[in-house]
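Welcome! Take a moment to look over the sequence and the 3D view before reading on.

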Amino acid sequence: DGRSNQELRADAAALHAQLKALAAHLPQLQSIWLWDEEGRPIATNLRPDPPPGLSVADREYFISARTAPGTAWVVSEPLKSRTTGEPFFDFARRRQTPAGAFIGAMSVSLLPGYFSAFFEEQVKEDPGYAVVLTRADGLIIARYPPAPAGFTRFTAPSVLLKHMTARDKQGDIAIRSTIDGSRRVLSFRQVAQLPIYTAATADIEVVLAPWRR
């Protein structure tokens, strides 16, 4: 509403109540934060008095919000909360004046484990299937089954990465997995207009087995 960061900080308790109500029925949500131009907290859904010593000035998502013009959402890498210790990934966007001057950021932190558990529910009865949530640059946010140790992102010659780099909206293709080398069918889709994709794959032999029987 055009209020300064100082005015917002003075109203932190009321903002906390509002953010807490917004987050109450969203189990995938870890926290919501309002940050000032120095990366210090103004308000959060977690508590009415955000820790004054906390800073996210060094976080990738805050730096992106500060340096990139416009207010498009930024998706962070998987991180660990400095207040709760929970793993999370962030959707963040720049806060700016009508003239475009940077005044801080807003971030919505989501739980990767929520998505991994949801994916497990979809495919746990179907061995050979996998579901993943990934940034457009190939960084894996959530996957079921879990990726092998040390496999944190898709890299060339990943066919999925090629389509994400081209910002293709969706597709259904045959691939050879860069994780285990198996022949698989892949369906992928961009999530809204965000730099993030979800993809499901199935081992071709698993798909063909019922037909062969």
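This is a predicted model: local features need pLDDT of at least 70, side-chain atom pairs count only at pLDDT 80 or more; totals for chains, interfaces and linings use all residues.

You can find serine 182 in the loop that runs between strand E9 (170–176) and strand E10 (183–190). Its side chain makes a polar contact of 3.4 Å with the side chain of arginine 184. If neighbours within four places in sequence are left aside, serine 182 is in contact with Ile175, Arg176, Ser177 and Asp203.

## Threonine 44 and its partners

Now move along to strand E2, where threonine 44 is found. Threonine 44 has a relative accessibility of 0%, so this residue counts as buried. Leaving out the neighbours within four places in sequence, its contacts are His16, Leu19, Ile32, Trp33 and Pro50.

One is the side chain of asparagine 45, joined to that of threonine 44 by a polar contact of 3.5 Å.

## Leucine 26 in its loop

Leucine 26 sits in the loop between helix H2 (12–23) and E1. With a relative accessible area of 34%, leucine 26 is partly exposed. Would you like a distance to look for in the 3D view? The C-alpha atoms of leucine 26 and asparagine 45 are separated by 12 Å, and these two residues are 19 residues apart along the chain.

## Salt bridges

Side chains of opposite charge can pair when their charged atoms come close. How many salt bridges does a search of the whole structure find? The search finds nine, and a few of them are described here.

One of them pairs arginine 9 with aspartate 36, with 3.0 Å between the closest N and O atoms. This pair links distant parts of the chain, 27 residues apart: arginine 9 belongs to helix H1 (residues 5–10), while aspartate 36 is in the loop between strand E1 (29–35) and strand E2 (41–44). Arginine 9 is partly exposed at a relative accessible area of 34%, whereas aspartate 36 counts as buried at 6% relative accessibility.

Aspartate 58 and arginine 82 form another salt bridge, at 2.8 Å from N to O. Here too the pair links distant parts of the chain, 24 residues apart, with aspartate 58 in the loop between E2 and helix H3 (60–67) and arginine 82 in the loop between strand E4 (79–80) and strand E5 (87–96). Aspartate 58 counts as exposed, at 51% relative accessibility, and arginine 82 is partly exposed, with a relative accessible area of 43%.

Which residue forms a salt bridge with glutamate 60? The partner is arginine 135, and the closest N and O atoms of the two are 3.2 Å apart. Arginine 135 lies in strand E7 (residues 129–135) and glutamate 60 in helix H3, so their pairing ties together parts that are 75 residues apart in sequence. Arginine 135 counts as buried at 9% relative accessibility, while glutamate 60, at 31%, counts as partly exposed. Salt bridges with shared partners join Glu60, Arg135 and Asp137 into one network.

Conventions
Residues are numbered from 1 along each chain as its sequence is written. Side-chain values use heavy atoms; hydrogens and water are left out. A salt bridge is a side-chain nitrogen of Lys or Arg within 4 Å of a carboxyl oxygen of Asp or Glu. Helices (H or I, at least four residues) and strands (E, at least two) are DSSP runs, numbered from the N terminus. Buried means under 20% relative accessible area, exposed over 50%, partly exposed in between (1.4 Å probe, protein chains only). A polar contact is a pair of N or O atoms within 3.5 Å; within protein, one must be able to donate a hydrogen and the other to accept it, and residues adjacent in sequence count only if both atoms are side-chain atoms. Contact means heavy atoms within 4.5 Å.
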